[in-house]
Amino acid sequence: MQPQKIEEGIIVRPLGAETLLMHEPTCNVHCLNQMAYLVYLYSDGARTPAEIAERIVQENGLPCTADAVEIAIEQLVERSLMHCPLPELTPERQLRRREVLQQLAAMMAVPVILSLSAGRSSAACFTTNEHDTFFYPEASVPRSVNFFVETFDLTCEP
Amino acid sequence: MNADDTVQELRVQAFGVSFAVRFNIPEMRAGIERFALPPGWEAVEPSTEVDRLFSIWFLQDGGERPYRVIEHQRRRRYSVRNQDEALALLEDLIEQFQAYRSPNRLFVHAGAVGWNGRAIVLPGDSFAGKSTLVAALLKKGAGYLSDEMAVLDSEGLVHPFPRQLSIREEGALLGRRCRVEEFGGVTEHHPLPIGIVAFLQYERGNTWQVSELSPGEGAMEFLRHAGRPSFKAALCLHAASSAVSHAQILSGVRGDADQAADRLIELVESRATSLFRKAV
């Protein structure tokens, strides 16, 4: 397993101890804590999870294991921020994962990613004539008025 | 109401977005200018090509819904009952389009006021109680920025968007228009850095129960309340992260608006003091 981060179309913005990543074409946003971001940063397609963990420990002084890196990788792959074939999640792996998470929680070293996808936000989507999709807070779609709406094919006629 | 055969037109721009509004009732011009056009609008030359065209038509034989509001490029036609509804709808549509198209501003669905050179920003959906809390803050001497849209630049500064406040009576859909002076407030004229961002939901009978969010969580919540079209993704990210980077970010529920306003003022003042101490 040699994870490769996806960089194309991703805008990175550090914010204190966290880092925001935005996928430009979809405007999906992710907030990575330090551990998750370091895994993303060091996943160059050449290192294994054990090597990434070692680098995190050496260069950043954070407690980290290959298991912790694998948990971060799963989350990153799920969010289309990383390429990496994942092994099947068997009951044994699930159990192991739970144990690892407990250990990481005790070390305050759980990789955490918060995500906001345009479709899951408090936003309503409507399509503009430019064939772009615009996500806008639902509440601002005109609901202050009781209206009847229809589409029309002719121009400009009431 | 006299529908005129002659179509009139307003052609304006604001925040880098231009649009035209056509109407067939001469008396409607004042209402459009006062209520539907965004704050800071400026007329442009009649020959200027605009980004979008809207119309309001009154139809003599329009039945129960004689007013038509039309978004031409989206080919949408809305039928409403009276002029107030037509203007409120037009205002919403223009605001949405402006939020989408404005090339250098991020529009966040939020109320905002200024206090001692810092902005207090209150993001929230409609019916979350933003305008009521903004009004309570104005009564205590805050400067008015907006009751509906916080307009941010790429540095995260909040620009004034001082449309008239819309105060809803309980159960009403359409708010009553109020001028800022009715609350003893004044309008801010300059962009302000953010001191506090508070994601508050009004719950009747409840008390102030908030927790603090990290800057990352705050930026995510900010973006949840903003339009973020892909062509200005970088601006959205930079504006939201800059806006929260030096702010205190709160999330939770509030009860009475007056008490919540006191808490917010107390917090923004103590924050200013601690920042001053740090600087010294």
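## A residue and its contacts

Leaving aside neighbours within four places in sequence, B:His159 is in contact with B:Val151, B:Asp153 and B:Pro191. Contact here has a cut-off: the C-beta atoms of two residues, placed from the backbone, lie within 7 Å. B:His159 sits in strand β11 (residues 158-159) of chain B. Helices (H or I, at least four residues) and strands (E, at least two) are DSSP runs, numbered from the N terminus.

Is B:His159 buried or exposed? B:His159 is buried, because 23 other C-beta atoms lie within 10 Å. A residue counts as buried if 20 or more other C-beta atoms lie within 10 Å of its own, as exposed if 12 or fewer do, and as partly exposed in between, with C-beta atoms placed from the backbone. B:Arg77 lies 82 residues from B:His159 along the chain, and their C-alpha atoms are separated by 32 Å.

## The model and its confidence

This is a predicted model, in which local features need pLDDT of at least 70 and side-chain atom pairs count only at pLDDT 80 or more, while totals for chains, interfaces and linings use all residues. Residues are numbered from 1 along each chain as its sequence is written, and chains are lettered from A and ligands numbered from 1 in the order in which they are written.

The model scores ipTM 0.83 and pTM 0.85. Chain B averages a pLDDT of 89, and 92% of the residues score at least 70. The pLDDT is the predictor's confidence in each residue, from 0 to 100. Where pLDDT is low, the predicted coordinates should not be read in detail.

## Chain A in outline

Chain A has four helices and nine strands. Along the sequence they follow the pattern β-β-β-β-α-α-α-β-α-β-β-β-β. Chain A has 158 residues, and 34% of them count as buried. Take the contacts in chain A with a separation of 6 or more: residues 24 or more positions apart account for 55% of them.

Helix α1 (residues 34-42) of chain A is mostly covered, with seven of its nine residues buried. These are A:Met35, A:Ala36, A:Tyr37, A:Leu38, A:Val39, A:Tyr40 and A:Tyr42.

## An open sheet in chain A

Four strands of chain A form an open sheet in the order β2-β3-β4-β6, with antiparallel pairing. Which strands stand at the edges? They are β2 (10-15) and β6 (113-116) of chain A; each has a single partner strand, so one side of each is left without a neighbour in the sheet. Neighbouring strands of this sheet are turned by 20° against each other on average, direction ignored.

Two strands pair if DSSP finds at least two bridges between them. Strands β3 (residues 18-23) and β4 (residues 28-32) of chain A pair in the antiparallel sense over five bridges. A:Met22 stands opposite A:Val29 in β4(A). Chain B reaches this region too: its helix α5 (residues 233-245) lies across β2 and β3 of chain A, running at about 5° to β2(A). Axes are lines fitted to C-alpha atoms, for helices over the stretch in contact, and angles run from 0 to 180 degrees between N-to-C directions.

## An enclosed strand in chain B

Strand β5 (residues 67-71) of chain B has five of its five residues buried, so it is largely enclosed by the rest of the structure. B:Tyr67, B:Val69 and B:Glu71 point one way, while B:Arg68 and B:Ile70 point the other way.

β5(B) has antiparallel partners. Five bridges join it to strand β4 (residues 52-58) of chain B, where B:Ile56 is the bridge partner of B:Val69. Five bridges also join β5(B) to strand β6 (residues 76-80) of chain B, again antiparallel. There, B:Ile70 has B:Arg77 as its bridge partner. The hairpin of β5(B) and β6(B) has four residues between the strands, and B:Arg75 takes a positive phi near 55°.

Helices α1 (residues 28-36) and α2 (residues 83-101) of chain B pack at an angle of about 45°, with their axes 9 Å apart. The contact involves residues including B:Phe35 of α1(B) and B:Leu87 of α2(B).

Strand β17 (residues 248-254) of chain B pairs in the parallel sense with β15 (residues 194-202) of chain B over seven bridges. B:Val197 stands opposite B:Ile249 in β17(B). Strand β16 (residues 209-212) of chain B pairs with β17(B) in the antiparallel sense over four bridges.
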